[in-house]
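Thanks for coming, everyone. Have a look first, and then we'll start.

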Amino acid sequence: MMPFALIKLKDFTWNFLSLIMEDSKLPMALRSNLLDLFGQIEREFENLYIENLELRREIESLNERLAGEGQTVDGGDLSKGALKTKASHSTSQLSQKLKTTYKASTSKIVSSFKATTSRAVCQLVKEYVGHRDGIWDLAVTRIQPLVLGTASADHCSMLWSIETGKCLLKYAGHAGSVNSIKFHPTEQMALTASGDQTAHIWRYMVQLPLPLPPADISASLDDDVDFSDKDEADGEADGPNECPTIRVATTTLKSHQGVVIAADWLVGGKQVVTASWDRAANLYDVETSELVHTLTGHDQELTHCCTHPTQRLVVTSSRDTTFRLWDFRDPSIHSVNVFQGHTDTVTSAVFTVGDNVVSGSDDRTVKVWDLKNMRSPIATIRTDSAVNRISVSANQRIIALPHDNRQVRLFDMNGVRLARLPRSNRQGHRRMVCCSAWNEENQACNLFTCGFDRQAIGWNINIPALLQEK
């Protein structure tokens, strides 16, 4: 006979489902998913109940058998000694088995609920496929027309229509891997850094294609399971449509003696900073291409550089486990501050619109710092995988963490986890995620990620719903 608690659970479940079916504004796909999840809950609890009964019968049988054995051992009374110990040990093992089974089942149920929540507020909108090698970096233009730019190990950079996923322009002027891309704040110019030891500035002109009719995103929702190691070669045949190609840079910056891993525009766009594996960062004048300053001090290769959106501040990251803050606000004094908050390579450190710096590391942590008092972080996020090039949304200040383990997680500035982007057999990244970039100008597609599966992905993050759940 089924216990009273389980009967009450079944009644609650089906009453709740009836309420959903009668008066619900949820999409049909989400409603179907909820029905399936509640069915799984009922089956899990029934299985637990049946297994519990079987385990109780095993315990009773074991106790009877041990009691029988106790009568034949040299006249000794095992009922109070060895028998009690032996029975207690066996009972403990069975009890542990029951607890383990219960925890595994309930964990699966809870994970299913979390996955459903994430899929409801974080949805895949568009995939940008065409590169022939991994994509290291991506960025969105800061002026109209808004397009997506990607930097790839295939020696090319591409500009994409955000709405249609079509390649609009290819830059093929580098002789090595293109490691980063950033757009000028007020002009149609791009800055790319490369393994050929140079950074290039090049002008672009694109014409946006007509937008495609909107797709039903909710129909693609799927169970949140891990990818198998899918062959990467399957994306190579699906190259981009024929698009114009630029092969010559407007300006070439070439003072480094090693791979240029990143580059960025200083506020105003008249100067750029580059970061290199030669352990130095260089500051250049855009108009003359002249080297203005060489920023030295890091003990190992640089991994990233970032500029403040409104002030002449630069932050550089390095494999030496530090990041450095360079201050160029006073033309006569160029100060530098060193921060040692990580125990492994600092993969990126970025400014927020406010007075914060957010740093990510291979030590699996992300730390939030206050520019006014950077002695210790104001928040620490601990994760289960190395963190790559992070980004922070300008308006709501949500941190997007791309991981080596193919996950992308969202946190607020207090270190509270908000969501994990859905991954399934049909959507998400198949290899490590290298970079994230927010684009709050476009409501339909406001977060982009890229990885070594040769694709960039555009996501719709329902930020009001995300913050409401917090």
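**Cavities, pockets and strands**

Let's begin with the lining of the largest cavity: by class, four nonpolar, three polar and two charged residues. Keep in mind that this is a predicted model.

Who are those lining residues? Arg 406, Gln 407 and Val 408 come in one run. Leu 421, Pro 422 and Arg 423 come in another. Gly 428, His 429 and Trp 459 complete the lining. The volume of this cavity is about 40 Å³. How many cavities reach 30 Å³ or more? Two.

Now the pockets. The largest pocket has a volume of about 1100 Å³. Its lining takes in 41 residues. Which of them lie nearest the centre? Val 140, Arg 142, Val 392, Ala 394 and Trp 438. By class, the lining of the largest pocket splits into 21 nonpolar, twelve polar and eight charged residues.

The second largest pocket comes in at about 480 Å³. Here 19 residues form the lining. Nearest the centre are Trp 136, Ile 261, Trp 277, Thr 303 and Arg 389.

Next, strand S16, residues 313-318. Is S16 largely enclosed or open, and why? Six of its six residues are buried, so S16 is largely enclosed by the rest of the structure. Look at the two faces. Leu 313, Val 315 and Ser 317 point one way. Val 314, Thr 316 and Ser 318 point the other way. All of these are buried, on either side of S16.

What does S16 pair with? On one side there is S15: five bridges, antiparallel. His 304 has Ser 317 of S16 as its bridge partner. A hairpin with five residues links S15 to S16. S17, residues 323-330, is the other partner: five bridges again, also antiparallel. There, Leu 313 stands opposite Asp 327.

The S16 to S17 hairpin has four residues between the strands, and Thr 321 takes a positive phi near 75° there. Stay with Thr 321 for a moment. Thr 321 is not a glycine, yet has that positive phi. Most residues other than glycine have a negative phi. Buried or partly exposed? Thr 321 is at 23% relative accessibility, so it counts as partly exposed; the buried class stops under 20%.

Gln 197 is another case. Its phi is positive, about 75°, and it is not a glycine either. Where does Gln 197 sit? In the loop between S7 and S8 (199-203). With 32% relative accessibility, Gln 197 is partly exposed.

While we're on backbone geometry: most peptide bonds are trans. The bond joining Gln 144 and Pro 145 is cis, with omega about -5°. Pro 145 lies in the loop between S2 and S3 (147-152).

Back to S7, residues 189-194, for Thr 192. Thr 192 has a relative accessible area of 0%, so it is buried. What does its side chain meet? There is a polar contact of 2.8 Å between the side chains of Thr 192 and His 174. Beyond four places in sequence, Thr 192 also touches Ser 157, Tyr 171, Val 178, Ser 180 and Ile 181, among others. Further along the chain, its contacts include Thr 198, Ala 199, His 200 and Trp 202.

Last stop, Pro 377. This residue is in the loop between S21 (365-370) and S22 (379-382). Pro 377 is partly exposed, at 28% relative accessibility. Leaving aside neighbours within four places in sequence, what is it in contact with? Lys 367, Val 368 and Trp 369. One distance for your notes: Pro 377 and Val 357 are 20 residues apart in sequence and 9.4 Å apart in space, C-alpha to C-alpha.

To recap. S16 is largely enclosed, with six of six residues buried. Thr 192 is buried at 0%. Pro 377 is partly exposed.

Terms used:
Residues numbered from 1 in each chain as written. Predicted model: local features only at pLDDT ≥ 70, side-chain atom pairs only at ≥ 80, totals over all residues. Heavy atoms only, no water. Helix = DSSP H or I, 4+ residues; strand = E, 2+ residues; numbered from the N terminus. Buried < 20%, exposed > 50% of the residue type's maximum accessible area, 1.4 Å probe, protein only. Polar contact = N/O pair within 3.5 Å; in protein donor to acceptor, adjacent residues only side chain to side chain. Contact = heavy atoms within 4.5 Å. 1 Å grid on protein atoms, 1.4 Å probe; cavity = no way out; pocket = protein on both sides within 12 Å on 5 of 7 lines; lining within 4 Å. Points joined across faces, edges and corners; volume = space filled by probe spheres on them. Nonpolar A, V, L, I, M, F, W, Y, C, P; charged D, E, K, R; others polar. Pairing = 2+ DSSP bridges.
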